[in-house]
Amino acid sequence: MSKNNTFAVKRIMREYRELKHNPYYAIDAAPQAENVYEWHFTLRGAEDSVYENGLYHGRIILPSDYPFKPPDIILMTKSGRFSIEKKI
């Protein structure tokens, strides 16, 4: 593992610990056990919106040089706003 990858993995795991320690009610996310660069998330629709009571599943693909390059975000559930299985 390169030095850059080691930094990325440490950063990713630190962010995961922070998310678990300080959860946000509308979002749940976690890295895949076999690949910390791929996360799955569930997003709850905002109250008082057309998305209220909706649950939206997606993936976050982090680059190996994270956080210096942004992740790809891919929705897996139809929302009426974004195409599924496509990068946002």
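Before looking anything up, I noted that helices (H or I, at least four residues) and strands (E, at least two) are DSSP runs, numbered from the N terminus. I am reading a predicted model, in which local features need pLDDT of at least 70 and side-chain atom pairs count only at pLDDT 80 or more, while totals for chains, interfaces and linings use all residues. Residues are numbered from 1 along each chain as its sequence is written, and side-chain values use heavy atoms, with hydrogens and water left out.

Entry on glycine 58. Setting aside residues up to four places away in sequence, I listed its contacts as Trp39, His40, Phe41, Ile74, Leu75 and Met76, where contact means heavy atoms within 4.5 Å.

Entry on the core. I looked up the largest nonpolar core, which has 10 residues, among them Ile12, Trp39, Phe41 and Leu75; such a core is a set of buried Ala, Val, Leu, Ile, Met, Phe, Trp, Tyr and Cys residues joined through side-chain atoms within 4.5 Å. Strand β2 gives the largest share of this core, 3 residues.

Entry on glutamate 38. I placed glutamate 38 in strand β2, and I noted that its side chain is joined to that of histidine 40 by a polar contact of 3.0 Å (a pair of N or O atoms within 3.5 Å; within protein, one must be able to donate a hydrogen and the other to accept it, and residues adjacent in sequence count only if both atoms are side-chain atoms).

Conventions: Buried < 20%, exposed > 50% of the residue type's maximum accessible area, 1.4 Å probe, protein only.
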